[in-house]
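Hello,

Here is the structure I promised to hand over. Please open it first, then read the notes below.

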Amino acid sequence: MEHEITLVVNGAARRVRVPARRLLSDCLRHDLGLTGTHVGCEHGVCGCCTVLLDGEPVRSCLTFAVTVDGRDITTVEGLAGPGGLSPVQRAFAECHGLQCGFCTPGFLCTVTAFLEANPAPTDEEVLEGISGNLCRCTGYQNIVKAVHRAAELLAEEA
Ligand code: FES
Ligand code: FES
């Protein structure tokens, strides 16, 4: 059986018909064409599929689309503003926090929410904050640098 739901994605209401078992990650990628959300493990382990649900990071591969009917979702496509890339996106580019980029959308969403909750984190807090996201390429040093740099950029722009 299919359900008609409305997801508010990156500020725009999108109506979509989905089977009850449609994952949010598949709904975003296949039904709505937002392929910036990546799917790695599909088991909630890697964090690549992280999106923001009412501002909180969630694993879209563990979320059924019907359960978020009417809610606000931000994907990596929605992080940039009218002025261009967000401070978190700019920091990742500046600090070489990405190589292949597969994990990057999940990191960007996670870090955006993390810095909103903790605008001046310690190294330890950064490690804890990103511990749910796996990267096969970067060794994490540059990602950690990018989180601190993003905190600086956000503070400068506040
Ligand atoms: S694809 Fe969702 S956590 Fe890995
Ligand atoms: S940049 Fe390649 S997996 Fe993280």
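In this predicted model, the axes of helix α3 and helix α5 (residues 141–157) come within 11 Å and cross at roughly 45°. Axes here are lines fitted to C-alpha atoms, for helices over the stretch in contact, and angles run from 0 to 180 degrees between N-to-C directions. Helices (H or I, at least four residues) and strands (E, at least two) are DSSP runs, numbered from the N terminus. The pair α3 and α5 is therefore oblique. For the angle classes, under 35 degrees is roughly parallel, over 145 roughly antiparallel, 65 to 115 roughly perpendicular, and the rest oblique.

On α3, the contact (heavy atoms within 4.5 Å) uses F107, V111, F114 and L115. On α5, I143, V147, A150, A151 and L154 take part. That contact has 9 nonpolar residues, no polar and no charged. Nonpolar covers Ala, Val, Leu, Ile, Met, Phe, Trp, Tyr, Cys and Pro; charged covers Asp, Glu, Lys and Arg; the others, Gly among them, are polar.

Now the second pair. Helix α2 (residues 87–94) packs with helix α3 (residues 104–117) at about 120°, their axes 9 Å apart. These two are therefore oblique as well, and the crossing of α2 and α3 is right-handed. From α2 come V88, Q89 and F92; from α3 come F107, L108, V111, T112 and L115. By class, the contact of α2 with α3 splits into 6 nonpolar, 2 polar and no charged.

Next, the whole chain. The protein chain has 5 helices and 5 strands. Their order along the sequence is β-β-α-β-β-β-α-α-α-α. The radius of gyration (over C-alpha atoms) is 15 Å, close to the 15 Å from the globule rule (2.2 Å times the number of residues to the power 0.38) for 158 residues, so the chain is as compact as a globular protein of that length. The C-alpha atoms fill a box of roughly 50 × 30 × 25 Å along the principal axes. Of the 158 residues, 46% count as buried, meaning under 20% relative accessible area with a 1.4 Å probe, protein chains only. Among contacts between residues at least 6 apart in sequence, 56% join residues at least 24 apart.

Residues are numbered from 1 along each chain as its sequence is written, and chains are lettered from A and ligands numbered from 1 in the order written. Local features need pLDDT of at least 70, side-chain atom pairs count only at pLDDT 80 or more, totals for chains, interfaces and linings use all residues, and side-chain values use heavy atoms, with hydrogens and water left out.

Best wishes

Notes
Left-handed = near helix turned anticlockwise from the far one by under 90°. Buried < 20%, exposed > 50% of the residue type's maximum accessible area, 1.4 Å probe, protein only.
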